[in-house]
Every structure is written in structure tokens, then in C-alpha cells.
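Please read it with the sequence and structure at hand.

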Amino acid sequence: MSSLKSMSALHGIVSPGRYGKQDGEPGVVASERRDIGLATIAARKGHEADLTAAVKAAYGAVLPSGPGSAVGPGVRFIGIGPGQWFAVSETLANEALADDLAERLKGLASVADHSSGRAIIRLEGPEVRAVLAKGLALDLDPRVFGDGAAATSTIGHMGALLWRDGEAYDIALFRSVGGSFWGWLRSAAAAFGLEVVTTS
Amino acid sequence: MAGRQTNRLRGHGLVDQGTTVSFRFDGQQLTGHPGDTLASALLANGIRLVGRSFKYHRPRGILTAGSEEPNALVELRQGARREPNTRATTIELYDGLEAASQNRWPSLKADLLSLNQLAAPLLGAGFYYKTFMWPAAFWEKLYEPMIRRAAGLGYPSKQADPDSYEKTNAFCDVLVIGAGPAGLSAALAAAKAGARVILCDEDFALGGRLLSERGDVDGESGAPGRRPRRPNSSPPDCRILRRTTVFGAYDGGVYAAVERVSDHLPVPPEHAPRQRLWRIVAKQAIVCAGAFERPIVFGDNDRPGVMLAGAVRTYVNRFGVAPGQNAVIFADNDAALRTATDLADAGLTVQAIVDPRPQGSAAAEQVAAGTGALYLRGVIEKVRGAHGVRVVGVRDNQGGTRTIKCDLLAISGGWNPALNLTTHLGGKPRWDDSRACLVPGDLPAGMRVAGAAVGEVSTEACLASGEAAGAGAARDCGFSPSAPSRPAPDRQIAPATPVWQVETGRGKAFVDSQNDVAVSDVKLAAREGFRVPDHVKRYTTLGMATDQGKTSNLNGAAILAEATGRYLGAVGSTTFRPPYTPVSIGALAGHHRGTDFRPTRLTPSHRWAEEQGAVFVEVGMWMRALMFPRPEESAQETVNREVANTRAHVGVCDVSTLGKIDVQGTDAAAFLDKVYINGFSKLAVGKARYGLMLREDGFAMDDGTTARLAEDHFYMTTTTANAVRVSQHLEFCQEVLWPELDVQTVSATEQWAQYAVAGPNARAVIAALLDSGQDISNDAFPYMACGTFKICGGVPARLFRLSFSGELAYEIGVPARYGDGLIRAIMDAGAAHGIAPYGTEALGVMRIEKGHAAGPELNGQTTAHDLGLGRMMSKKKDFVGRFLGEREALNEPARAALVGLKPLDPKVRVSAGAHLVPKGADAVAANDQGYVTSQAYSPELKSFVALAMLSNGPARHGEVLKVCDPLRGSETLAEVCSPHFVDPDGERLRV
Amino acid sequence: MRITCPYCGERALDEFTYRGDATVKRPDSLDENTAEAWVDYVYLRDNPAGPHKELWHHGAGCHAWLEVTRDTVTHEILDVAFARKGC
């Protein structure tokens, strides 16, 4: 057991509780997804098809060719660029996901661990799209951005990868801007009421 | 009698006369009703004089009932919320509103600066270009401040704005701009077809002119008090934004709008912004912005009580206010006759209808008879009444004159389509002879115009053109709208016979009353050779300021056309640009002000640094610890201590902010050979190497160390400031220059918390962190080694034996979630070895002592040769910057190259930025031989030292030069030396 | 202005950064007889009025370098493709 304390990206920045409008149901519910595995995989040149097959065999997901998700048992693969995916896993926590991917996809993809480098914030609630619209110039209308859809863009001038998981929106931010993002979110959601809960 | 709403028409209009709200104007307590504007409430209280004009301080009243108002500008609210130049005609009345008139002293009625009027002959077009030319020095010190005091508008609050603003994005199929008859009809048609619709109107009530006119719509009574029909009871998908002005059209269907969320309230409700800026992306847009009535220009036409005829109807029909009791109507079109009817029906007196049209009008004669007014064929040539119209002088078309007592002069010279948004992307309006107005010309892709904005006149025609546009826009978005329910409008209209100005009057005839531009100014400009409306605008100021000439531009163009003997259609108009109406800077900034101006990046151990009392400095977006001062220490003492402690014992510095890039692939080494001037393919696994990158023009771009973690895996570092730029450059090299290479790069900056542990005791500190069985002795882990280790009970760590300080040093990296834990562990492990943290200031001192180039030396003007790194440039391989970097001129000795400088007096600081000239030479450009890039106090040498770029520098060690800093007024002598002040042979690194 | 990234879809201009002419080709740096070609490549640019192929970087999105065909007179975006061929 390590003697070093592990701290999530928003540790000490965000505390559970109600922010902004106090009465009524909160318009937005926010939580930090902690200790999950995050990694990028980039296809080695000329191995795109082999990589797709290997991911299918190892993780039961077909890598999407565009900005969307493919979900296998335990791992979600999100397209972030040509030949590049962002992998998210709760079962393969922290560094374990990148280690697992590197092992199984050896020679087919370059794998890099980002489990410490991102804050993953989950936003849900009736006003989540109205809140995100204040910082994100993307059309989140469900007819356009359905379940599993994903996009890399900026929220309040901060780089963000966003994907939809059911009715929830997960946002991967650079760890270092966690405080600034929280400031933005608190201000953008104040009129609707923001409830911060912790999960996982 | 003011204060009692003497001019309120009981039972008239859409305001809630059952509820009373209080407000103050120039300190006077007044009342109005919900639904009023400040202008309508002032008029209801019998107040016609509301401001003084910009240049001549002439008394001014209310000309319009909308956002085009040139005159009725007031300071709204008080204290930190005071806002100047707001239009009384658009301010929604609320209980407790405070407003004050502008540009008058000591009071509105007795304004001393109205003496400016006597100097009017001196204040014509371009007066300040002509009058205040000499002597030049007087301009800044005397003329400009004097003019600024005398002229000008209101004053902003100088306190910070206490309210919040926000920005938001929206997407739609069809954006409808304006909710008058055409806009409502367009939104309804598009929404019914299934399109996602956004409908915006600048007013707080929907309906546009429907709110101001009487008449039937679809068989429903048009009596005052009716409500406009909204687009369906539950439209499929139509977002309605009231109090929202679409102020700009941009490329690609992007529109900007500002929503005045809380401007109609004393203070914004909790959590609500004052204003919200919308960026709307619309596949199709329909401009239904209506039209502006234009005045006729005649002598003293700026007197309070002279009002546009359509605005008179608005005040009577919508607000239930009599703008006057005795009216004269002066109009060149029959549409304005409704003003006479509406006034008469409201129980007010219409004294006369003055018709300037040569042919007269049977309809006008009939209305005059029906309203008990005189019908006079002629013109208004004078207006009496300094603080409000009392008498008008009429010259009839037989040459006879007469005066008529009245307190309201309703004028109309026809209507101009509000086509501003159609020209923001460069569209040129087209002159329509039969309508006598400019109509929209070529439209940007995805834009339509409907209703009065395209020149339609009747309500029926506006409804029909809106419906057609709404259906068409929906069709272009892929929907199938139903067939139109309204017949296409009959576009046959009687040709207009516009009367632009009355020549016979003697008083000053204003074209643009906001800027006090008179007919004489436009004619003067024409005589002086100005022929283009945009040039006349700059010369005379016609059409400038808050209203941008909405009621004056075309009149100005017509007068210019006449003065230059040209056809008005050929003269054109000024160019409209965003914003349509003024937009507050707060709305444009939104959330991003103060400390939220831009995002801040914090390292994983930021809180630990705060606990140590660190002082931070912004580098890029990062907050880095500059130094860790102890109580009673000066900044210099802190830095000296941190440097000395590191050199004597051990120090730790957070280097997590350095750019880190993960480079993988079978061609990763070959790729690095391309981007660095030196080779990496022969670098052994487990070793790191310093590398320099050039731009393709041969100048240095960035430097850093790159470690080889595996045959096909490298870990590159960049400077903190250039991390993004280097990433982008590598992607360019991968995708555009050498797409055939198998290499993948991704930023790893955020993943790793990294600390430099430097000093003679560094190994002991690192060794204490390692899990057992791992060896970092000098043999096992020599200088420039790298490797993966387990520390503190199994935490994976990357260890690099690198040194920026010149001491025995390591950089240790762990996944960022352990960063806070690691710095605390390092401090604990180092306690026995005398560890202390050091900041970027001490880091900077140590690198200067070692002669390492950094940002000030990698300044975009230096080459590898200049930096003393020319020998690193490989002769054998291709790399970015190779060809042009080898240019003779970039390698000749005379170029300024890196040297050290030691002041002859060690206690004298050498300024960075100072220039080097030969000893005894004058500090002039001709003698310039180089410049100081970095300077510091070296605790080791007990002397100030500096790095400099000096012509032929490496050959001049020992020479004494003069260091000149004319900016700060210092000159000192310094000796040129090697830039390696401390441990020049690097022995400390390798122990 | 909006640019339709072939990977991400239509995005606002502020997600992209401009580099310049996409038609220039990097000469061989090991061939000593390319001095003029290098000067052309690094310093000389045409400034056409009308359609122009330009390199843009989608830095706030997929990080791809794009070849954008833009009408410099009207700002109309006529075509967007990956700069890396065969992508």
C-alpha cells in the first residue's frame, strides 16, 4: 500500500452541497467520476484494421470512425480524432486501463495513460443543456447529439471532451483547469440551482 | 403640471393604468404605469425637454418611440450602476427608476454651455481639423480637453460594475429577427412546418407596429388594448426572446444578440445576469426589423415637441399618452394621416395638416375635414419655443405665411426599411425609386427579408411576406411547409414623392440632431469636395454615435445628392456595421472578467505551495511558485537563500508545468531527428538528451530534453510557455511534412506531476523515496539517465537525471493524483538533508549562473549559432530549419552571440534590455553591438551577472563594454566573459 | 465564420488557427541547389483574391491539420479536407 495519498482532480476544490438557487429541484446535478481508467490509443501506421479487430476481440467494442462512442463490457471507446480514441473504464481503474491496453494492443497502437491528467465531471438534470450552452458552442439538441455522441471542443475557453451517456453528459477536462471550470460551472448553473454529489 | 400624468389618456393604450409606479427624472418624483417606457412616462407627465445636444447644447426632446432615438439620451441609475447615453424611448419603466438628463450645466433648463450656439459659425463640419491646428502642442493639453468637456454625452460610472453578465450559444433552423406582423407571421409559418425557430425582438412586448396602429388583423378588432397574436398557442419549437436585439450578422449564419435580462428591474434578481449575449447559429434567418420613419429637415426642426408622426401614434395608441394637446401634422405621405385620425379620436386637437407635396392629396384633404383640421398646401419654415414647440410658421405654396399655435408638430418624410443587418456582410442596399427608399440588395446566403424591412407598407402585405419568408426558410431547411394562407401582397403602390428638406427656413436645420449636423454642414462638405456618404460621415460626424444615423443617413445622402447635382440612387448610403444598437462591454465579456478573465492552470501541488506561503507568477495560463518567502525576508534575500540552499544542500522545484509530449511509434526516433537539430536515433534506451528545435527559417523555436523510455517510446519536454505551440508544430510535421512516418504524439503534461530535486544531497533524498532494491548510484544511474521506478510503496515514477541548476539533480514524475503526496514526501525525506523549496526566480538565477538559454534568449531572433549551440546542428540529416539555418549570414561571427557579463562593480545591477556599446562610445544606435537578455544576482559569485547577445561575442571575453539603458537612465561598465559563471566544466552534475 | 471539420463537423472559427498557404511544398534540405525554392517556401506567398487553399489547425477539436479552400473575397468555405492524405 502506497504511502502517497491519491487525490482526484477536484479534491479540495469542489465540496458536495447545493449551490446557486436554493429552492426547488436542482436544475443540474454534478459529480466527479474518480479513480477511473483513462487512456488514449492511437493507431500505428498501417495497423488501423488490425487495431479495430484487436479491440473488438479484447474489449467487445467496434472502434467508431468518427466522434462517437463504442461501449464494450467495462470500457468505452470515444473517437477524438482520425485514428485516435479516448478509452474510459471503471473496472480498469486508474493506471490499470493504460497498462491493459498497452499489453493487449502492443504493436498496433500507441497507448498513453491519462487517468491522472483529466477531471471527469458528470452533469445531469433538466437544465444541463442550458448550462452547457453558456460555455459550449455545440448543438446539444437530442435530435443532433444523441446517446453516445461525443465531441472535443471548449467549455468556457477550456479544452473539453464531452460525451453523452444516457441522459448524462460526461466531461473530460485537463486536470489543471479543474478550479477554473468549477468557477465557470457554479456561475453558469446558479440560476437553475446546482447540486454537487459524489459518486464512485 | 408635471408629476400628475396630466397627459395620460385614460382608458387608452396597453399600459396597466390600474397600477402606478414611481420614478425620478433629474430629481423630480414622477409616476407612470407598467408597460410605459421612460419616454412615454415623461410625456405623460408633460415633460418634453429631456436633454441638451452634443455640440450646441440645444434643448432636445423626444423624436421617436424606438431604438433609433437620436435625442432623448439619459443617464440611467446611480452609483456603480449608472449608465450614460441610454435611450429614454427604450427604457422600460420600473418602480424606483432614476434617470438624469445629460450634457447640461448647471441644469437642463439653464444650460450655460448653450452659449456654444453663438459660436456655431466656428463649429461647422470638420471644425476641429481646421480651428485647432496650431500650435500642435496645444491639441493634447488644451484644445482636446476643452472640447471634451464642452461636448460629449453622459458620463459612465467609474466604479466596477456590480452586476454579472453571461454569454450563451443557440442553434436553430430559422432565426426570425423582429416580432412585428411580418416576424410573427414568419415564425409561425416556419415553426408550423417543423423548423426549430428562434424569434427575437428588441422590445419588451411582441407585435412591433401592431402595438402602435389601430386596424383589424384577420377580422380581430384593432382597438387599442388588443394583444398581438402570438405564433400559435403551443408552437412546435419556437423560442421567443423578448428584450433581445440581434445586433450583428456574421459569416456562416452566425448572429449575435444581446438580451436585456434585468435592465427593466432596479437590480438583477439573485443569480440572474443583467444582460446575456447570444451567439445564434441559424441555418436560415429572416430579417423582419421593420422600418424607421424619417424626418423632414427644416429650420429649428430639433425643438422638443417635434416628433415623428408614427411615434405620435405609438404614444397615443400603445402608451395612452398625449405627446401634445394641439398638433400640427407635416407629412409628405398619406400613411401619416392616421396620426391625425388617432389624435382626434383620442380627443386631442389637430390644428392643421401641412402637405408639402406639389400635387397635394385628396385623402389628406378628406382627413383634415374629418378631424377639424386646416389643410394647408405648403411647408413648415420655422418653429418657435426654446423648451418646446409653441408656434409653427407655415409658408403655403402661394408664398403666403401664417403662424399656428401648437405644442406638437408631427412630421413624416416616409419610411426607410431597417435593412442594417442585410449589409453587415458587405451587401449593398438598392435604391427603390417608387418607394423612395433604400431596400435590401444582394443578401448573404441563408438570409431573407420580409415586411416593412423590405419596403412593404400595409399590415396585410407584411403578414403575407412574413408567411412566405417563413415557409421558404423552412423549406430550405428541409421541411415541407403547408401552402400559404394569405394571398401574395399587391405590390402596386402609389409612387412616393419624398420631400427631404425645406429650403426657405432661417433657423438651423438639423439633419442629424444627435451630432448637431445641419444642412449647412453637409453642403459645406460637398463644397469642400466630399462626395461619398461614408466620407461625409467622417468629416461631418453625420450618422455617428449611439443611433448611427438611423433617422438621418438618408436625408443626409439626399442633401448631398442635391448639393452635388447627382441622382440620389447613385449616391448610395453609408455602410452599416455591427452593432445595430450599442452593446455594453460587460455583455461581450460575460463570465470572463476579473480573475475569470481566462482560465488558470494549477499544478497538482498548488495547495501545498500556498501552504508554504509561495508567491505565484503567471506563466502562460499556469500559476507557478515564484519564490517561498519567509517572514521578514526581502525578495532578494529569499531568492539568494533558495539558490544558496540548493547549491549547498538540496532544493525542490515544481516543474509540472513544463510541456510534456509522449512520442511513440516505430519511426519515433526518425521523427525526432527531423524536429531537433541534433540526432536522437542513436540515443540509448534509458537515456535523455538536450535538444533544440528551429523554425524552418533557421531561428530557434524551443528547447528541452527528450528521454528514450523504449525503442519506440520517447518522452519530450518543452518550455512551459511554448508547450501548445510545440504540440501544434509536431502535429504539422507528422501530418503535413512526413505523413509516411509511423509516429503518434499526445500531450502528457497533465498526467505527470514532476519535481526537480537539485543539490549535493539530491541523491540521498531520492534514494529515501525509492522502494527497496532499486539502485540510483552514479554508476547505475549516471548523468542523463532515465528510468521507471517504484516509490513510496509501489507508486510508479519516472526518474530523469537532468539538471537545469547545474547541481547534481533529478526530475521525478508521478501520476498527477500523487503530486501533492509526492511533494510532501520529498520534503519529509529531505528534512534531514536541509531541503527547501525554490521557485522560478531561484531557478532563473541558477540557469543564468550556468549560462543556459531560456525564454529571453530564445526570443525568435536567435539562431543555434547565436546561442552557442551551432555545433549541435547535424550535417548529415534533414531537419526543420536545416537549410535556411545554414545560411552564411546566420552563422557569421559578427552576429550577436551569447556571452556572460560581469559588471566591474559587482553591486551594480545590469538591466535586461540594456544595449552594449564600446567603452567610451556614445549610446547611439550606430554604436550598438548587442543587448542584455537576462540578469540576476549570483550568490555564488557575490556579484550581479548577466547574459547578453553580443556581436562576435565568444571572441571578446575579457573586453570591457558600456552597458546603456537609456530607458531607465543608467550606464555601467561590464566585462564580457563566458556565460558559464558557475562550475563551467559541469563537474557537479556528474558526481 | 464556421468551418466544417471533416472529423468533428461544423465548428466555430475560434476553434481553429490559421497557418497559411497549403499549396507550398517543402524542398529537400539535403539538396544544396534548393536555395531559391527554400526562400519561396518560407518567405514568399501569393495573395489571391478568390479561392485559396489554406492550412488550418483544429486545435480545440481533433487536432487535425486541415486543408481549407476558402474564397478570400467572400470568406465562403468551399471545401475542407484532412491535410494528411488518405486519412
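Domain 1 and domain 2 of chain A bury about 930 Å² between them, with carbon and sulfur atoms giving 58% of that area. Buried area is the accessible area (1.4 Å probe) that two parts lose on being put together, summed over both. The model is predicted: local features need pLDDT of at least 70, side-chain atom pairs count only at pLDDT 80 or more, and totals for chains, interfaces and linings use all residues. Residues are numbered from 1 along each chain as its sequence is written, chains are lettered from A and ligands numbered from 1 in the order in which they are written, and side-chain values use heavy atoms, with hydrogens and water left out.

Domain 1 of chain A covers 17–34 + 116–196 and domain 2 covers 37–113; such bounds come from an automatic or database domain assignment. Taken over C-alpha atoms, the centres of these two domains of chain A are 25 Å apart. Contact (heavy atoms within 4.5 Å) involves 13 residues of domain 1 of chain A and eleven residues of domain 2 of chain A.

Chain B and chain C form the other interface, where 26 residues of chain B contact 27 residues of chain C. The area buried there is about 2300 Å², of which carbon and sulfur atoms give 54%. On the chain B side, B:Phe732, B:Glu735 and B:Phe883 lose the most area to chain C, together 29% of what that side buries.

Salt bridges (a side-chain nitrogen of Lys or Arg within 4 Å of a carboxyl oxygen of Asp or Glu) number two across the domain interface of chain A and four between chain B and chain C. One example from each interface is tabulated.

Which elements of chain B each supply at least two residues of the side that touches chain C? They are strand 13 (275–287), helix 17 (723–737) and helix 21 (882–885) of chain B. Helices (H or I, at least four residues) and strands (E, at least two) are DSSP runs, numbered from the N terminus. Helix 17 of chain B gives the largest share of that side, seven residues.
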